[in-house]
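Please open the structure in your viewer and keep the selection tool at hand. This tour moves from stop to stop, saying what to select next and what is there.

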Amino acid sequence: MDHNPIPLSVPNLSLDIMENIKETIETGWVSTGGRFITEFEEKTAKYVGVKRAVSCQSGTAGLHLALKVLGIEPEDEVIVPTVTFIAAVNPVKYMGAEPIFMDCDDTLDMDMNKLEEFLENECDYIDGKVINKKSKRQIKAIVIVHVFGNPADMEKLMRIKEKYNLKVIEDSTEALGSYYLEGKYKGKYCGTIGDIGVYSFNANKIITTGGGGMVVSNNQELLDKAAYLAVQAKTDPLYFVHDEIGYNYRMTNIQAAFGTDQIDRLESFIETKIRNYNLYKKAIENIEGLMLLPFREDTRSNHWFYSVIVDKDKYGIDRDELLRKLNNDNIQTRPLWSLIHKQKPYLNNQSYKIEKAEFYEKNLINLPCSSNLSKEEVGVVVEKLK
Ligand SMILES: *Cc1c(COP(=O)(O)O)cnc(C)c1O
C-alpha cells in the first residue's frame, strides 16, 4: 500500500470546539439544557432561513417527532422511498403506521411521475382523504428523502401534496446546505419547504455533533409540539406535570457545543465537497464504463455523497468486483443501501413499480467524499479507478 487508508466519509472536527466543551464541564451544563443548545438552534434556523429550529437526539428521533406532530396514527399509511437509509422508514412503524414504497428516478430521489400515477390510479379520493384501494387505509403523508444531498423536485411534490391534501416530511438528513437556485423555491433550503423538515448530525453527515438532529418548520405550532414531546411532554417544569406520553429526545448541551462550531464551518465543507466532486468528474469522464451521477440542475447541492455507476461491459469488471478491489486497497467505498422494500421487516408492505431502484442497487458505488479529503487523495482514488 502506497497511501494511507482513505475512508468513505468521516467527521471534520477542529480542536476549536475544546473551548465550548471546557465551558460545559466548568458550568456543569452537560445535559439537555444550556446555552449551546439555544445557540445551535438559532444558528441552524438562521442558516436555512426559518424562524426556529428544535434540536433532538438524532435524525431518526426528529423524523419520529415529525410524524407524531403531523398526526400520523396507527393504521395510516405513509409513502416513502425504497432508496434511502432505513431510518427514513422505521419511524413510520414506530407510529404503528405502514409504509408504501416508491421507486426512484435517475436523480435517486423519489420518482414524482410514479408517485402521481400511484395516487391517481391506485387510490380513491374521498372527502379530502386519500384512500388506498388495495388496503382501504388512509394515506396521510409522504416522506421525501433528498438522497445524498441531491434536492428532490419539490415543486412537483408540493403540487401533488396540495392536490391530494397530504403532509410532506422532508428527510433532509443528508441535505443540510442544499438549496434551489431557480423556480418557485429559488433560495429555499431543503428541509424548509414541506410541512416539516429534519436534519441529522450523525458522524457521517456533512456536519456532526457525534449524534443529533434538528426539526424545522414554518408552522410554529408543530415546532412547539415537537419541542414539548422531546422533553417527556412536560407541561409544568416545577411540579412535573405531563399531559401526554413524551420522549427523551432532546439534544444535550455537549452535542450542541460541537454543533455551534460545526455549522460555522458548513459552507467551507461544501466548498471542498464541490471541489472534489469536480476533480472526480474531470477524471471519470475519461474512464470508459464509469459515470459520475450529476446533482440536480438549478440547485446548489451540498454534494454530500458522490455516486458512480459501473457499466460492467464497458468497464471490464462489475460493481462488486470494483468494490472489493478498492476496499482491499484501503479505499473505503460502499454500494447503495439494500432497497428497503426488500428488507425483512418490510417484506409484507406494498411497493409500486420498483424498477430503477433495482438498477442503482446493483450498479452504484459511493466514492470517498469526506470534507477533509485532499486533492491528492482524490488523485489516489482516481488512479485506482483507471
Ligand atoms: C442519517 C439518516 C437518517 C437518520 O439520522 P440519524 O441522525 O443517524 O438518526 C435518516 N434518514 C436518512 C436518509 C439518513 O441518511
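**First stop: the largest pocket**

Seven nonpolar, 11 polar and four charged residues make up the lining of the largest pocket, where Ala, Val, Leu, Ile, Met, Phe, Trp, Tyr, Cys and Pro count as nonpolar, Asp, Glu, Lys and Arg as charged, and the others, Gly among them, as polar. Before going further, keep in mind that this is a predicted model, in which local features need pLDDT of at least 70 and side-chain atom pairs count only at pLDDT 80 or more, while totals for chains, interfaces and linings use all residues. Residues are numbered from 1 along each chain as its sequence is written, and side-chain values use heavy atoms, with hydrogens and water left out.

Now select Phe85, Ala87, Ser200, Asn202 and Lys205, which, of the 22 residues that line the largest pocket, are the closest to its centre. A pocket here is found on a 1 Å grid over the protein atoms alone, as an open set of points where a 1.4 Å probe fits, with protein on both sides within 12 Å along at least five of seven lines, and its lining residues have an atom within 4 Å of a point. The space in the largest pocket comes to about 280 Å³, a volume being the space filled by probe spheres set on the points, which are joined across faces, edges and corners. Select helix α3 (residues 59-69) as well, since with three residues it gives the most to the lining of the largest pocket; helices (H or I, at least four residues) and strands (E, at least two) are DSSP runs, numbered from the N terminus.

Colour residues 17-265 and 266-385 separately, and you will have domain 1 and domain 2 of the chain, with bounds that come from an automatic or database domain assignment. The centres of domain 1 and domain 2, taken over C-alpha atoms, are separated by 25 Å. Where they meet, 51 residues of domain 1 are in contact with 37 residues of domain 2, contact meaning heavy atoms within 4.5 Å. The largest pocket takes at least three lining residues from each of the two domains.

Next, select Asp153, Glu155, Tyr180, Glu182 and Arg296, the closest to the centre of the second largest pocket among the 13 residues that line it. This pocket has a volume of about 160 Å³, and its lining divides into four nonpolar, two polar and seven charged residues. Why does the second largest pocket lie between domain 1 and domain 2? It lies there because both domains give residues to its lining.

Select Asn302, which lies in the loop between β14 and β15 and counts as buried at 0% relative accessibility; buried means under 20% relative accessible area, exposed over 50%, and partly exposed in between, with a 1.4 Å probe and protein chains only. Although Asn302 and Gly149 are 153 residues apart along the chain, their C-alpha atoms are separated by 5.7 Å. Leaving aside neighbours within four places in sequence, Asn302 is in contact with several residues, including Phe148, Gly149, Glu174 and Lys273.

Then move to Asp127, in the loop between β4 (123-126) and β5 (129-132).

Return to helix α3 and select Leu65, which is buried at 1% relative accessibility. Not counting residues up to four places away in sequence, Leu65 touches Cys56, Ala226, Leu229, Ala230, Tyr247 and Tyr249. In helix α11 (residues 356-363), select the buried residues Ala357, Tyr360, Glu361 and Asn363, which pack against β15 (306-310), α10 (319-328) and β18 (364-367).

The whole structure has zero disulfides, a disulfide being a pair of cysteine sulfur atoms within 2.5 Å. The closest cysteine sulfur to that of Cys190 is in Cys369, 17 Å away, which is too far for a bond.
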